[in-house]
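I'd like to walk you through one structure, so please have a look at it before I start.

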Amino acid sequence: MKVLLLKDPRDKESGADPYIKENWEYGFEATLIPVLSFEFISLESLFEKLSHPECYGGLVFTSPRALEAIKICLKDNSKNEAWSKSLKERWNAKPAYVVGKATASLVEEIGLTPQGEKSGNAEKLAEYICSREKPNSSSLLFPCGALKREVLPTVLREKGIPLESLTVYQTTQHSDLQESLSSYFSQQGIPASIVFFSPSGVRFCLQHIQKLSGNFINQIQFAAIGPTTAEALEGAGVPVTCTPEAPTPQDLAAGIQKALHSHNCLKSTACI
């Protein structure tokens, strides 16, 4: 069975994309289609703030893109030298809160130790931070995207925990998205399952997918990587049959397998 994953492929030389690999383990033929493009902004302001860890109580990351912004800064030799000589060590004396494993991995790549990676979403991460931070302490630095949700900032504000947000990237539709979707449907047909990885993905993809699927739209099982994306799908009138327990390749593949098995059982008299 075919599974369409609406996300960027892994852009590293570290082997197969884990989402492709895990779906293959369950016998699914998975395809990745990039949905989003990112424009990084305010990088000088970002590094200026990173240059003063004494002004902050720690870092908060809810997106891998925020770490990419830091890595772009560190491509500059002078900035990388300053980071390696003292800044990294000074930030390591403070917490670096992360929302999930993908973000945690990137935090480790810049030499920091992540905390909270089992949270899985902004709501749970906010609870985790509140359990560890004291009200009216030094601000946490929060590099984020222009489309960030307000859940985490709101919860921290209500608990009196200062948070300083800095927008470091903007999200747009990938330039090849519609062409890639049209090519996929014409060459591979209707997939058994389509997985959305962000509300932006729902906004940019859903209408085109509905058009390409036509009368076969009800054959597709729609999955969401997390509750926020599931809300976006359901708000657009699309039933979600799979939201994994955690936003990991393993949990997603297991969730897809379970959803497709249940769907097939409903269609088969052998399962009645």
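Let me start inside: Tyr19 and Phe197 are both buried, and buried means under 20% relative accessible area, with exposed over 50% and partly exposed in between, using a 1.4 Å probe and protein chains only. Before I go on, this is a predicted model, where local features need pLDDT of at least 70 and side-chain atom pairs count only at pLDDT 80 or more, while totals for chains, interfaces and linings use all residues. Residues are numbered from 1 along each chain as its sequence is written, and side-chain values use heavy atoms, with hydrogens and water left out.

Okay, aromatic rings. A pair of aromatic rings is described by the distance of the centres and the angle of the planes. Here, rings of Phe, Tyr and Trp (for Trp, its six-membered ring) pair if their centres lie within 6.5 Å; planes under 30 degrees apart are stacked, over 60 edge-to-face, and the rest tilted. How many aromatic pairs does that rule give? The count comes to seven. Tyr19 and Phe197 form an edge-to-face pair, 5.3 Å centre to centre with 90° between the planes. That pair links distant parts of the chain: Tyr19 is in helix α1 (residues 18-25) and Phe197 in the loop between β9 and α9, 178 residues apart. By the way, helices (H or I, at least four residues) and strands (E, at least two) are DSSP runs, numbered from the N terminus.

Next, Tyr56 and Trp91 form a stacked pair, at 6.1 Å centre to centre and 25° between the planes. Tyr56 is in the loop between α2 and β4, Trp91 in helix α4 (residues 77-91), and they are 35 residues apart. Are these two buried or exposed? Tyr56 is buried with a relative accessible area of 6%, and Trp91 is buried with 1%. There's also a cluster: ring pairs link Phe38, Phe40 and Tyr169.

The charged end of Lys7 sits over the ring of Phe197, 5.9 Å from its centre, and Lys79 lies over the face of Phe47 at 5.7 Å from the ring centre.

Now the sheet. Five strands form an open sheet with parallel pairing, in the order β2-β1-β9-β10-β11; two strands pair if DSSP finds at least two bridges between them.

Last, two residues. Asn23 is in helix α1 and counts as buried, at 0% relative accessibility. Leaving aside neighbours within four places in sequence, Asn23 is in contact (heavy atoms within 4.5 Å) with Val3, Leu5, Phe28, Ala30, Ala253 and Ile256. Arg90, in helix α4, is partly exposed at 36%. Not counting residues up to four places away in sequence, Arg90 touches Pro53 and Glu54. Arg90 and Glu54 are 36 residues apart in sequence and 8.2 Å apart in space, C-alpha to C-alpha.

Terms used. Lys NZ or Arg CZ within 6 Å of the ring centre and 35° of its normal.
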